[in-house]
Each structure stands twice: as structure tokens, then as C-alpha cells.
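Colleague: I would like to learn how to read a structure beyond its overall fold. Could you take me through some features one at a time?

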Amino acid sequence: MMTNFTCSIPTRIYFGKGQISHLSELAGYGRKVLLVYGGGSIKKSGLYDQVLSLLGEAGLTVFEQAGVEPNPRIETVRLGAQTCKAEGIDMVLAVGGGSVIDCAKVIAAAACYEGDAWDLVLQPPKIQRALPIFSVLTLAATGSEMDPHAVISDLGKNEKWGTSSEHMKPTMSILDPTYTFSVSKRQTAAGTADIMSHILENYFTNVENADVQARFCEGLLKTCIQYAPVALEKPEDYDARANLMWSSSMAINGLLSGGAAVAWCVHPMEHELSAFYDITHGEGLAILTPFWMDFALSEKTAGKFAQYGVNVWGLEKGADDMDTARRAIQCTRDFFRSLGLPATLREVGIDETHFEIMAEKAAAACANSFVPLGKEDVMAIFNAAR
Ligand code: NZQ
Ligand code: ZN
């Protein structure tokens with residue numbers, strides 16, 4: 001039975017070519033803006049100049065936090081928050097991928113918090129306020145542009161944790177698919193794996209008859225499967241980029257999870273890989289997802305996996321759910337491979353050295369997932385994925 005839920009998606013989305021002109025609306029939120037961006041892709045593409053010019057025309061004074069790392073670091077959050085406090089910043093504008101938006105979100109929250117920003121990562125309820133957050137998305141992947149989450153790392157301690165707050169839902173996000181034309185094949189594939197993983201984490205739930213959510217999931221998965229190969233083949237195919245971009249937002253904005261009582265488990269496992277080895281999030285997910293599926297498949301779950309095979313991969317419904325389920329898992333594995341994604345931990349330089357501690361930390365979040373996982377189960381999945 002569908003569980004009770006609240007659905008609130010307050011982020012105003014401007015989707016499509018040329019929507020950047022709406023940056024002028026930031027003037028309604030104050031005078032000083034902190035522009036947050038990454039390692040330089042927006043300078044290369046010309047977006048940086050365009051943003052500065054629009055903000056200038058709108059009469060805004062711009063301060064900058066550049067150099068946000070993929071897997072954004074708490075040190076960068078602290079620097080941005082310091083600037084906000086010292087300069088009396090009114091709002092934060094992220095221009096980039098998920099890492100940049102996540103970093104901007106926690107900067108915006110830490111700017112309104114007396115203590116250390118890391119507290120807000122470990123203890124989300126401490127986020128009581130945040131400066132208004134805006135984003136211009138340049139990579140279809142995390143869904144951070146329309147969700148309350150942020151994932152921040154303290155790599156010195158091998159820690160990477162997600163935090164979440166209604167206060168960190170962006171006020172407005174600009175989604176122009178042409179900004180993703182320059183995303184590399186590797187990041188396009190990793191982004192697709194991330195979007196698909198978000199959908200799968202929501203799809204594999206024990207709640208029965210949440211059919212609206214399940215059919216949304218299947219439609220979004222089919223969209224990713226259709227368009228990711230097109231985007232790889234033709235990076236400037238507008239429809240491919242647009243469909244991936246909107247799938248990214250839809251996958252994690254609450255539409256799929258509300259009422260389905262989902263508890264993610266592949267993400268906690270992947271976050272441990274990134275915490276210890278600083279790998280690309282989507283690549284870690286592409287490796288772990290099929291092995292998690294192998295592990296989760298049983299007489300009890302075969303029906304759900306078979307449904308996934310029929311409705312998403314177009315498999316013929318055979319008499320034996322277990323057989324259909326196995327074929328569906330193989331389709332998943334083959335698809336990720338076809339996008340050029342890694343399929344084993346070895347390929348991204350991970351061996352068994354830290355399996356014990358990573359499994360222990362990940363398992364803490366997996367007790368209520370579709371198939372509950374303990375430390376030994378996570379170890380088994382890591383070992384299979386070696
Ligand atoms: O730093 P720059 O120079 O901008 O380059 C980035 C970066 O090197 C580049 N890039 C971005 N847009 C580009 C581009 N290159 C060329 N053209 C463009 N248009 O791509 C590289 C990766 O960027 P990043 O932002 O790190 O990727 P992604 O969007 O996949 O974000 C990953 C981070 O988000 C977290 C992950 O754990 C990871 O830390 N997640 C956030 C979530 C959320 N907020 O809800 C949920 C996810 O499950 C995920 O955990
Ligand atoms: Zn993810």
C-alpha cells in the first residue's frame with residue numbers, strides 16, 4: 001500500500017535554450033551574489049563571461065568561489081561560507097555540475113550557521129536556514145538542481161556523506177541542454193549511470209501498488225536507455241541532451257520516492273568507494289549496480305526484477321520469473337558496458353584493502369533497503385565486483 005507522503009518541489013525551473021536571461025531575476029533577492037563554480041569548464045565554454053555580464057546588467061555585485069572539486073571538499077565549503085559572512089552575501093549562484101551545486105548548497109547553509117560547516121553535513125537538522133540558492137546546470141546527472149540533497153567529502157578522514165534540508169532546495173534552476181554539449185563522453189556515461197541508479201533505487205521498493213511511481217520510473221529508465229547512446233554518438237544532439245537533463249531532475253526530486261518508502265543502498269556503498277578512492281560517482285554506481293542486482297535476486301524478488309525486464313528492457317515475459325530477471329540484470333550490465341563504463345572495481349584502481357571498513361560504514365545505511373544488507377552482505381557485493 002502506498003505510504004503517506006508530502007510532495008513539495010518549490011524550485012522554479014527555466015528549461016531550454018536561452019533561458020539564461022532569467023538570471024536577471026536574482027536582483028529580486030538582494031545585491032551581492034556568490035558565484036560558485038568548478039575547475040574551469042564554464043570559462044572554456046564561455047558561460048562564465050555570459051553569467052558575469054548578465055549579473056552585471058542586473059546590478060548585482062559578484063564575489064567568487066572557484067575551484068570546486070568533483071566530490072566537493074568541506075574545505076571549499078568553509079572558504080565559500082567565510083566569504084558569505086565577511087562580505088554580507090545575499091544569495092549563492094552555482095554554475096556547474098552536481099559537485100558545484102552541492103558545494104553551493106552547503107555554503108548557503110553554512111553562511112547562516114555559527115559553527116563549523118561539517119556539522120551540517122553530519123547533522124542535517126542543524127540546517128535551520130540557508131541563503132537563497134540558484135543554479136545553472138551544466139551536467140545531467142545528480143538532480144541536485146531540483147532536490148534538497150548535497151554530498152560533501154572530508155577526504156583527509158575518508159568521509160563522504162550526504163546531507164539534506166528543505167532549505168537547500170534551489171529557489172530557481174536554469175536547465176539549458178546546450179550547456180551540456182561540451183560534457184565529455186566519460187562524464188556523459190557516468191551521469192547517465194547516476195540518473196539510472198537514482199531511478200532504480202526508487203524502483204526497487206517493497207511497497208506494493210505504488211504504480212504511478214513505478215511507471216514513472218520505467219518511463220524515465222527507457223528515456224535514458226534511448227538517449228544516452230545518442231548523446232555519446234552526437235554530443236550536440238539537443239533532444240538527447242534535453243531528455244537526459246530532464247530525467248536527471250525527475251529522478252530525485254521526490255516524484256518517484258514519495259509514497260514508495262524507498263531506502264537506497266547502492267549509493268551508500270558507492271559513497272564509500274568515493275570516500276576512500278575519490279572516484280567518479282557514476283562510474284562507481286555502474287560497477288556496483290549489476291552486482292547488487294545479482295545479490296538481491298531471489299525467489300522472493302524475482303517477480304520485481306522480471307517486471308523490470310519486461311517493462312524497461314522489453315523482454316518477453318516467460319513462464320519463469322527467475323529467468324526473465326537474470327536476463328534483465330544482464331541487459332543492465334551490457335548497457336553500462338556499451339556506454340564505455342567500467343564494470344569492475346579493479347578497473348578504477350580499487351582492491352580489497354579497505355573493504356571491511358567501507359562495508360561497515362555502508363551497511364549502517366542499508367538495514368531497511370529493498371533487500372536489507374548487513375556488513376557481510378556488502379562485503380560479498382564488493383568481493384563479487386572486484
Ligand atoms: O569542474 P569543472 O571544470 O566544471 O568540470 C566538471 C568536472 O570535472 C566537468 N563538467 C561539468 N559540466 C561540464 C563539464 N565539462 C565540460 N562541459 C560541461 N558542461 O565534469 C566533471 C564532473 O563534474 P561533477 O559536478 O563532479 O559531476 P556530477 O554532476 O556527476 O556530480 C557528482 C557529485 O554529486 C554527488 C556525487 O556524490 C558527487 O560528489 N551527488 C549528489 C547528489 C545530490 N545532490 O542529490 C546525489 C547523487 O547521488 C550524488 O551522490
Ligand atoms: Zn547518485
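Colleague: Let me begin with helix packing. At roughly what angle do the axes of helix 6 and helix 8 cross, and within what distance do they come?

Modeller: Keep in mind that this is a predicted model. Helix 6, residues 185–203, has an axis that comes within 10 Å of the axis of helix 8, and the two cross at roughly 40°. Angles under 35 degrees count as roughly parallel, and helix 6 and helix 8 are therefore oblique to each other. Their crossing is left-handed.

Colleague: Which residues make that contact?

Modeller: On the helix 6 side they are Thr 188, Thr 192 and Ile 195, and helix 8 contributes Arg 241, Leu 244, Ser 247 and Ser 248.

Colleague: How does helix 7 pack on helix 8?

Modeller: Helix 7 (residues 211–233) and helix 8 (residues 238–250) have axes 9 Å apart and pack at an angle of about 140°. An angle has to be over 145 degrees to count as roughly antiparallel, so helix 7 is oblique to helix 8. Helix 7 passes helix 8 in a left-handed crossing. The contact involves several residues of helix 7, including Leu 220, Thr 223, Cys 224 and Tyr 227, and several of helix 8, among them Asp 239, Ala 240, Asn 243 and Ser 247.

Colleague: Let me pick one of those. Is Thr 223 buried or exposed, and what does it touch?

Modeller: Thr 223 sits in helix 7 and counts as buried, because its relative accessibility is 19% and the cut-off for buried is under 20%. Not counting residues up to four places away in sequence, Thr 223 touches Asn 243 and Ser 247.

Colleague: Which aromatic cluster do they belong to?

Modeller: Trp 292 and Phe 305 are part of one cluster that also takes in Tyr 203, Phe 204, Tyr 308, Trp 313, Phe 335, Phe 336 and Phe 370.

Colleague: Which charged residues lie over the face of a ring?

Modeller: Here are two examples. Lys 304 lies over the face of Tyr 203, at 4.3 Å from the ring centre. Arg 333 lies over the face of Phe 291, at 4.6 Å from the ring centre.

Colleague: Let us turn to the backbone. What is the phi of Asn 158, and where does this residue lie?

Modeller: Asn 158 has a positive phi of about 55° although it is not a glycine. Asn 158 is placed in the loop between strand 6 (149–154) and strand 7 (159–164). Its relative accessible area is 25%, which makes Asn 158 partly exposed. Leaving aside neighbours within four places in sequence, Asn 158 is in contact with Ala 275, Phe 276 and Lys 361.

Colleague: What about the phi of Ala 261?

Modeller: Ala 261 also has a positive phi, about 45°, although it is not a glycine. Ala 261 is in the loop between helix 8 and helix 9 (266–277).

Colleague: One last residue, please. Where is Glu 347, and what is it in contact with?

Modeller: Glu 347 is in the loop between helix 12 (321–338) and helix 13. Glu 347 is partly exposed, with a relative accessible area of 40%. Leaving aside neighbours within four places in sequence, Glu 347 is in contact with Arg 337 and Pro 342.

How values were computed:
Residues numbered from 1 in each chain as written. Chains lettered and ligands numbered in written order. Predicted model: local features only at pLDDT ≥ 70, side-chain atom pairs only at ≥ 80, totals over all residues. Heavy atoms only, no water. Phe/Tyr/Trp six-rings, centres within 6.5 Å; stacked < 30°, edge-to-face > 60°. Lys NZ or Arg CZ within 6 Å of the ring centre and 35° of its normal. Axes fitted to C-alpha atoms, helices over the stretch in contact; angles between N-to-C directions. Helix = DSSP H or I, 4+ residues; strand = E, 2+ residues; numbered from the N terminus. Parallel < 35°, antiparallel > 145°, perpendicular 65-115°, else oblique. Left-handed = near helix turned anticlockwise from the far one by under 90°. Contact = heavy atoms within 4.5 Å. Buried < 20%, exposed > 50% of the residue type's maximum accessible area, 1.4 Å probe, protein only.
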